[in-house]
Amino acid sequence: MSETMLSEWTDPAALPAADAAALLAGAPWARMATIGDSVAQGIRDPVPGYRDLSWTNRVEEALLAATPTFTSLNLGRRDLIAAQVTAEQLEPALEFGPDLAFVVAGGRDMLSPDFDGEEVRRELTTMVSAFRATGADVVTIGLLDITVAGLGPPGFREVISSRIQRLNTVAAEVAAEHGGCHAAVPSGHPLTADPGIYSADRLHLNARGHAFAGATTIRALARHLASE
């Protein structure tokens, strides 16, 4: 099937809304908070054939189908380093009283010349542990490696790839240490090499990429529920 023929309803990497709702049927979550950077905010370009929804919008849609009283708060804002997310978003998110929290930070740090993975670990630990202390389930997110799709300045792709892997490892370890969930695309998934899932800035996902990321996140939540 050519890419021009793809739509949200024919793309095997997307998850139809009814299927997403079925995967999360019986989920206990009624209040979802998302904090973080541009990934949390859901920056994207529209794509014909796909609903203009971010990955968080898709999670929210599935949970609303499971719980009619479901409500959510997304404080994500682009261009924030992890320390800024902690300082500006953690407290208002805790005041919202979520029982499910997404913590998405470190991507902006990774683009800095003096990227410090351990500093990001400390910030993620502060945020994840704060939510866990209230009894909320917490999810961290694994970023796609843009270099696999041939993106990023050619002379810096090795560094970018190494940093993305480092950030993803840190996020996964923090989630595991605190009994959280880490949502990541399986290594080697063919769509990760497709530049057609990215926006014009060649950094953020487009609407098709968000449909893929939403499906990945919803499946991770379903596995988390099953494990409990």
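Select Leu63, Phe102, Leu124 and Phe131: of the 63 residues in the largest nonpolar core, these touch the most other members. A nonpolar core here is a set of buried Ala, Val, Leu, Ile, Met, Phe, Trp, Tyr and Cys residues joined through side-chain atoms within 4.5 Å, and buried means under 20% relative accessible area with a 1.4 Å probe, protein chains only. The largest share of this core, seven residues, comes from H8. Helices (H or I, at least four residues) and strands (E, at least two) are DSSP runs, numbered from the N terminus. A second, separate core has six residues, among them Leu6, Ala14, Ala207 and Ala211.

You're looking at a predicted model, in which local features need pLDDT of at least 70, side-chain atom pairs count only at pLDDT 80 or more, and totals for chains, interfaces and linings use all residues. Residues are numbered from 1 along each chain as its sequence is written, and side-chain values use heavy atoms, leaving out hydrogens and water.

Now zoom in on leucine 63. Leaving aside neighbours within four places in sequence, leucine 63 is in contact (heavy atoms within 4.5 Å) with Leu24, Ala27, Trp29, Met32, Phe70 and Leu100.

Next, show the strands. Five of them form an open sheet in the order S2-S1-S3-S4-S5, with parallel pairing; two strands pair if DSSP finds at least two bridges between them. S2 and S5 (181-183) are the edge strands, each pairing on one side only. From one strand to the next, the twist averages 20 degrees, with axes fitted to C-alpha atoms (for helices, over the stretch in contact) and angles running from 0 to 180 degrees between N-to-C directions. Pick threonine 140 and you'll find its bridge partner, histidine 182, in S5.

Then grab H4, which packs on the sheet, touching S1 and S2, with its direction at about 175 degrees to that of S1. Which of its residues are buried? Ala82, Val85, Thr86, Gln89, Leu90, Ala93 and Phe96 are. What covers them includes S1 (31-36), S2 (71-74), helix H5 (107-110) and helix H6 (117-133). Step along to glycine 97, which follows H4 and has a positive phi, near 75 degrees.

Last stop: alanine 213, in helix H8 (residues 207-227). Is alanine 213 buried or exposed? Buried, with a relative accessible area of 17%. Not counting residues up to four places away in sequence, alanine 213 touches Trp55 and Leu205.

Notes. Buried < 20%, exposed > 50% of the residue type's maximum accessible area, 1.4 Å probe, protein only.
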